[in-house]
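Hi everyone, thanks for coming.

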Amino acid sequence: MRENESYKYDAFISYRHTEPDKSIAEKLHRMLESFKVPKSLTRRGIKKKVGRVFRDREELPTSSNLADSINEALANSEHLIVICSPRTSQSKWVMQEIETFSKLHGQDRILALLVEGEPDESFPEPLRLKRRQVVGEDGEVREVVEEVEPLAADIRADSLGKMKKKLKVEILRLLAPILNCRFDDLRQRHRERAIKRILSLSISLSVFFLGFGSFSAWQAWQIRQKSVLLEQQVQKTLEGQSLYMANISTQLLEEGDRRTAIMVAREALPADLDNPERPYVEEAEYALSQALHVYKTDNRFLPDVALKHDNIVNFICLGFDGETAVTWARDGYLYVWDTRHGDLLNKHYTGERYPRKGSLAYADDRTIVYMADGRLTCLDLETMKANWEYDEYITRFELSSDGRSVAVINSETVALLDMGTGAVLFRHDIEDYLKGDGFVYVTSMSMDDTARYLCLGTNSGRALLFDIKKNSLLREFRVEYDEITDVAVSDGIVAVASSDFVLEATDLLSKGKGALDIFDFDGYRRIERQFDYSSISGLAFSPYDKNLLVFTESEKINVLDVSVDKLLYTFISGDNVSDYIIWDGFVISSSYDGTIRFWVMDDFGWEYFLGRVELSQGINNIMISSGVVAASYSYSDKAVLLRNLQNEDILRLSGPDDTINKCDFSPDGSMILAYTFNTGEIVVWDWETGEQKGIIETGMTITYARFTDEGRKILAAGLGGVLSVYDAGTLELLARDTYDYSVEINHISPDGLLCMVKTMDGSRIVRTNDLSLVAETDNFVFRIAQFYDRNKRVILASPHSGTTVYSTETGKELFTFPEEDIRAIAVSGKGNIISAIYPDNSIRLLDSDSFEERLVINDFDIEAQDVLFDDNGRYLFVCMDDYSLRCYETSSGKLAAELKGMSQATSRVIFDENRDILITQGENAEAIIWRWENKKKLGYLDRLIGVSPDFKTLISSQVNELLLIPFYDTRMLIEKAEKQLEGRTLSDREKADLFILE
């Protein structure tokens, strides 16, 4: 305390409430109030401890008047400590606190703590500039400004943890003026006290172990027991942390931050699987496989990198090479990003916080042009310096398609500038054209591909077309509605969109009325279209076909052929369209419901559903370049970069001309076939080499194809009841027969040797190797045929039509179930148990020989839909109405597991040889990989059509390609992750943000 002065607080901490400033302020507050002054200094008159320190979050009551309370605290504080970073000057509160304290106590008592940035950008002007009054030679008093160097401590580091560590020493620089002593005295006493503390601790430990050595030996057993319990507790805690990180990884992936999701999931798994330092949890492996997209089989663009900001992102722009992106955020900064890993390369302050879309554009991969506060700037992204600035105030600009010139307008002139130098190439006064009732202004602009013609839309119902080469107004076009929402110009044609929607005069629920007018350069109106319930905008001529005009109408995207005035396509999105891109036969659109859709402009005009992307938030704008899609979220601090993420480990086998339906392995696993549905092609490959053996053109629509006769032949079933048998070696047709009804997959025996076919007066059992007749029955009303007892018996079942067991040798009936409405039926792999779902929703297990009831399962609270046995008949799987799967032991009927998370009814269950892994396959090919021991998920595939006999390869398809996907174990996933991350791990800052503790 200074002489004759008394203060309530020794210091007032001023800081911006963002990280890391906030955490450092909290740490500093605790350290100041808990600091003990060395006795050697207190004997010299220095006070024993620091008094109270003011920090608004701790001191202010919730009901206080903020401004009055802070001013009172500043008046009662002896020193002001300012936490300085590049964000400090943006806080009006911090600036006011510095100015108020300076007026009350002067600048000598202001201390600075530098946490980030360089001093010239982090120290606010009131700290760097000192004002004083001087008397000149003429006797007049003048104020002069001098630059001073504030007293500062420096704790800058690359992580919050390192900052706090440096603070332990640098705090002495702040304490010295507060305690009114020298920094060197504090530092020396601090060092001496630390040495004494270490010596005292060492001596105490020595005495302890000397005096109580025998006692410690006596307690060794108890300590070991407690150590075991402690280790168990540590492992339990680490397991909980791994589960937490797995959940965080899943959330990050849903938000579009795939790269961070990979790092977090990798962090949740042991660093060394052979000597794990933390427990393994399946949830972490599943999260990692999902983040890596190792089982991705389609061409869909998926979020890869999230660009995170401290403020809301207005929009994103993407470089032509796709290697850099620029975002414009609400803090007024442009952020330049590396799109590969999402690293921030640089930033540039514009001062504009709310730019409209279209206020920034890439001229080339190194250069952008942007408009902020009415000023146009050409910026070099490598040097982050302006190449040139346009001096005049502008309201809009548009870059030419070749990036060599840029058009600008204001209320008085329109001009064309050279992108390289900023020199004016064309200039024309337009003030006279904007005269009219009220305030007339330019609402939109468009330049043709040659950069010769420039069209301006106004709010007076007039569109102006300028000939840049002749420096003159070429034509004026008038439309029905005053508000021109957009214009487009191309190849002698001008498109003008206008609307009658006025906020002050229209019901807010109304979309207004719109109009589209198409003129030629001579002023002739070629097309006039009215839109009664919505305004239109977003006009653009296709760069691939100049006759195609694309425009938006609320949730619609319309494509108009202006040469014949024909609306070719109307694509309807889920919500209002926020942005779109014309891309060589496609229109790619984004909407405020968070979807990105790919619309195909062919003879029909349709959405490519397999390409649809559904993001977690509404989308503000999109761009695409060099295989990268960039999207900014609406009212979010994130933008995302999407890629078509392909797994390079997948082997692709090219096959038929049409889309592959399903596949089948030969019994010895040496060959694999796949077939198409519509074109009726069967393709056969050598499994070991991947070489194609040939294609069978069946000439029919195939419902099913598989190997038969121990792999020597191929059976193909088609619509219309056609059965064909081919030689698997030569692919030649061996036999063909036609029946009255089509043959389905569930009409064939599990070993593929027999097949059930329907006729008008019954059904026939035929051999699949030569289609010869085995037996006939009088039953032709069945949906499923279940062969068992070494193919000696077959169950013909159909809901509502009865279920009967027949002899395949004589065709005679052996047993008929008394209940007609049996919902589903299955036979175990060994053929000794029949399972059926009865009308009362109970499941009964019967002896397949005597048909005596073994047990009943009736604990279902929802409807059971289907029953499946595993390959050896140990388990019965029941498919429920909610797509969940319940597993029962067939010997006891005891519930063994309940699997959830499927979005389709399960049609097949597949165990590996050791029964460690289970794969559940849905009726539409969705598949989930489970760890059978604890019934936890390990992986997910959206399309699985087969599994190799050795269980090392999962088979999928993409259009006409067969995809061979490795089955990934934990070690393979970790290797994949480390390869993609290229050595990058979570930083201390990222761990702190995600609450991940070491």
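Let me begin with strand β67, residues 927-931, which is joined to β68 by five bridges, the two running antiparallel. A word on terms: strands pair when DSSP finds at least two bridges between them, and helices (H or I, at least four residues) and strands (E, at least two) are DSSP runs numbered from the N terminus.

Before going on, this is a predicted model, where local features need pLDDT of at least 70, side-chain atom pairs count only at pLDDT 80 or more, and totals for chains, interfaces and linings use all residues. Residues are numbered from 1 along each chain as its sequence is written, and side-chain values use heavy atoms, leaving out hydrogens and water.

Now the whole sheet: it is open, with four antiparallel strands in the order β65-β66-β67-β68. β65 (906-911) and β68 (936-941) are the edges, each with a single partner strand, so one side of each has no neighbour in the sheet.

What lies across β67 and β68? That is helix α13, residues 282-292, running at about 10 degrees to β68. Angles here run from 0 to 180 degrees between N-to-C directions, with axes fitted to C-alpha atoms, for helices over the stretch in contact; contact means heavy atoms within 4.5 Å.

α13 also packs against helix α14 (residues 970-981) at about 45 degrees, with axes 10 Å apart. The contact includes L288 and L292 of α13, and L973 and I974 of α14.

Thanks, happy to chat!
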